[in-house]
Amino acid sequence: MEEPTIRRPWYPPTLRDIARVSGASLATVSRALSPTGRVPRASADIARIAREMGYSAYAETAPHLIVFTSDVTRTGYRETLGGIMDVAREYYLNVSMAFIAGTPERRDNAVQTALHGRVDGVVVLEFDTPSTHVIEDLPRSIPFSVAGGYPGQAEEFPRAWIDDYAGAEMAAEHLVALGHRRIGYVGLPQAGHPDPRVRGWHNVLAEHNLTEFYQFGTGWSAETGKRAAEGAIAAGVTAVLCGNDDLAFGVIAGLSRAGVRVPEDISVIGMDDHPLAAATVPALTTVRLDFEGLGATAAQLALGLGPHSAPEAPKNVHIPPELVIRASTSSPKA
C-alpha cells in the first residue's frame, strides 16, 4: 500500500482511487464497499484502506445543506447557526458553511465553490450587505431560504425573519411608559437597508411628541458602547436604547466607570437577549430576538422539512420579538 501523503487541495477519494491504492479491481472494490459486499476476504482490508483515505459512501447520499454567512461570532449570527445545526442533527444532514465577507470577487468565488457539488438546500444569513448581494445572485432554481432581513413584495423565495423594527418600538415604548423623555440611541451599521431599529426608536419618540433625537454612533461591540456612554452623559439623557446587547454591555460599563448609576441615573435597554444579559449588574432589560428559532425555521424552509413540507405551508415566517424586563431600566429621577 502507498504511504499516505498530505494533499492540498484534498478531494474525496473515488472508488477508482481506492482500487489503485489497494491493488484490487474496481469491481471488487465496488462490491466490497456496497451494503451487500460479497467478497469477505477482501472486504475488511478494502474497507480499512477506504476509511484511511477518507472515503464515505454516505457523502453522496446524505442531504447537503449549505449556509452562507459573513460572521460566526456576533450573537445573532452565532445563535442562528445554532438553530440550523439543531435541524442538521435532527435530520442527519451534512452541513457546509461558506464565508461571504471580503471583496465581490472573493464573495463570488466562495459561492461558486460552495455550489460545486450536490446541494439539497441553501440558507443565507441576511444580516449585512454581502448577504444581500448573494441573494440577488443565487440561481432561482436552487432550493434556498433566507434567515433575517425583511420580506419584499412578491418575494419568490422562502424567508424566516424577525421584525426588529417592532422590537425597537417595544423597547422605546417601555422607556416612554416609565416616564423617560430624553432617550438616546446607539445603533448598528446598515445591512443593505436603513437600520430598522433606529427607525423604531425614532418613530416612537415622534409619536409621543418627543423632538430631541440623540444618537451616539454605530457599531457592534461593547467598545462602541463605552464610547457612546460619554455622549449619553454629555447629552443629559435619562435612558439609552442600544441596537444590540453587546452595545448595552459597553454603555453600562462606560457609565459605571464614570460614576453614573444604572438605572438610577440612566436606564439602559438592549436588543437580542444575549446569553449573558441576565448575568450583568444590573441584569439587562432587553428585547428577545429568537435567533435559534430563526435559523431552525430557515433550514426547514430551505429543505422543505417539518411544518414547512406541505405545499400549502406559509413560506414567509415571522418570528415575533419579546420584551424582557430586568433591572437595568426604571423611572427617571424626579
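Select strand 3, residues 121-126, in this predicted model. Of its 6 residues, 6 are buried, so strand 3 is largely enclosed by the rest of the structure. Show the side chains: G121, V123 and L125 point one way, while V122, V124 and E126 point the other way, and all are buried.

Strand 1 (64-69) runs parallel to strand 3 and is joined to it by 4 bridges. Within that pairing, I66 stands opposite V122. Strand 4, residues 144-148, is also parallel to strand 3, with 5 bridges between them. Here V124 has V146 as its bridge partner.

Keep strand 1 on screen and select helix 5, residues 104-114. Its buried residues are R107, A110, V111 and A114. They cover an arc of only 95 degrees around the axis, and therefore sit on the same side of helix 5. What do these buried residues pack against? Their packing partners are strand 1, strand 2 (94-99) and helix 6 (129-137).

V72 belongs to the loop that links strand 1 and helix 4 (75-91), and its relative accessibility of 34% makes it partly exposed.

An α-helix has 3.6 residues a turn, so residues three or four places apart point the same way. R89 is exposed at 54% relative accessible area, whereas D86, at 36%, is partly exposed.

A salt bridge within another helix can be found by selecting R48 and E52. Their closest N and O atoms are 3.5 Å apart. Both residues are in helix 3 (residues 40-53), separated by 4 residues, again about one turn of the helix. R48 is partly exposed, with 31% relative accessibility.

For a salt bridge between separate parts of the chain, select R326 and D273. Their side chains meet at 3.1 Å, N to O. R326 is in the segment after strand 12 (322-324) and D273 is in the loop between strand 9 (267-269) and strand 10 (286-288), so the pair ties together parts that are 53 residues apart in sequence. Is D273 buried or exposed? At 14% relative accessibility, D273 is buried, while R326 is partly exposed at 22%. The whole structure contains 15 salt bridges.

Move to strand 11, residues 316-319. V317 and I319 form its covered face, and N316 and H318 its uncovered one. Strand 5 (residues 159-162) pairs with strand 11 in the parallel sense over 4 bridges. To see one of the pairs, select W161 and its bridge partner H318.

Finish at F213, in the loop between helix 8 (196-207) and strand 7 (214-218). F213 is partly exposed, with a relative accessible area of 33%. Apart from neighbours within four places in sequence, F213 contacts W201, H202, L205 and A206.

Key. Residues are numbered from 1 along each chain as its sequence is written. This is a predicted model: local features need pLDDT of at least 70, side-chain atom pairs count only at pLDDT 80 or more; totals for chains, interfaces and linings use all residues. Side-chain values use heavy atoms; hydrogens and water are left out. Helices (H or I, at least four residues) and strands (E, at least two) are DSSP runs, numbered from the N terminus. Buried means under 20% relative accessible area, exposed over 50%, partly exposed in between (1.4 Å probe, protein chains only). Contact means heavy atoms within 4.5 Å. Two strands pair if DSSP finds at least two bridges between them. The arc is that of the directions from the helix axis to the C-beta atoms. A salt bridge is a side-chain nitrogen of Lys or Arg within 4 Å of a carboxyl oxygen of Asp or Glu.
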